[in-house]
Amino acid sequence: MGRKKGTVEFDEGAPDDFDPANPYKDPVAMLEMREHLVREKWIQIEKAKILRDKVKWCYRVEGVNHLQKCRHLVREYLDSTRGIGWGKDHRPPSLHGPKVEEVEAE
C-alpha cells in the first residue's frame, strides 16, 4: 500500500454564514466559528512554544553573550505571547495586542 497522492484540504477560514450580531441564529455556524477560534488559538500557542524552545537553545549555545545574541528571539517570543491564552489573566485589552514601539517626533 502506498500513500495517496495529493493532500486533503479543509476550510481553514471562519464560516461565511456566521452573524456576529446574532450568533444564535444559526447554531451550526456558531459551533463552526467556535471551532475556528479555538483552532487559531492553539496555533498561536504552539508557535509561542516553538519560539520558547529556540530562546532556550540560544541561551545554552551563546552562554554569557546571550543578552546580545538572543535579543531578537526574546522580543519575537514576547510579542508572540501577547494576547494568547484563554483570557484568565484579566489584563486590559490594550495589553493584549503586539507591543507598539513609540516613535519620537522631531
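## The disulfide

A disulfide here is a pair of cysteine sulfur atoms within 2.5 Å, and by that rule the count comes to 1. This is a predicted model, where local features need pLDDT of at least 70 and side-chain atom pairs count only at pLDDT 80 or more, while totals for chains, interfaces and linings use all residues. Residues are numbered from 1 along each chain as its sequence is written, and side-chain values use heavy atoms, with hydrogens and water left out.

The partners are Cys58 and Cys70, with sulfur atoms 1.9 Å apart. Cys58 sits in helix 1 and Cys70 in the loop between helix 2 (66-69) and helix 3 (71-81), so the pair ties together parts that are 12 residues apart in sequence. Helices are DSSP runs (H or I, at least four residues), numbered from the N terminus. The link is left-handed, at -95° about the S-S bond. Both cysteines are buried (under 20% relative accessible area; exposed is over 50%, partly exposed in between; 1.4 Å probe, protein chains only).

## The salt bridge

Searching the whole structure turns up 1 salt bridge (a side-chain nitrogen of Lys or Arg within 4 Å of a carboxyl oxygen of Asp or Glu). Lys49 pairs with Glu46, the closest N and O atoms being 3.4 Å apart. They are 3 residues apart in helix 1, so about one helical turn separates them. Lys49 is partly exposed at 33% relative accessible area, and Glu46 is partly exposed too, at 36%.

## The negative patch

Asp16, Asp17, Glu32 and Glu35 make up a negative surface patch (residues with over 30% relative accessible area and no salt bridge, like charges joined within 9 Å). Glu35 belongs to helix 1 (residues 27-62) and is exposed, at 52%.

Methods
Patches are made of residues with over 30% relative accessible area and no salt bridge: like charges are joined within 9 Å, nonpolar side chains (Val, Leu, Ile, Met, Phe, Trp, Tyr) within 5 Å. Accessible areas come from the Shrake-Rupley method with a 1.4 Å probe; for residues, only the protein chains shown count as cover. Lys and Arg count as positive and Asp and Glu as negative; His and the chain ends are not counted. The place of a charge is taken as NZ of Lys, CZ of Arg, CG of Asp or CD of Glu. Helices (H or I, at least four residues) and strands (E, at least two) are DSSP runs, numbered from the N terminus.
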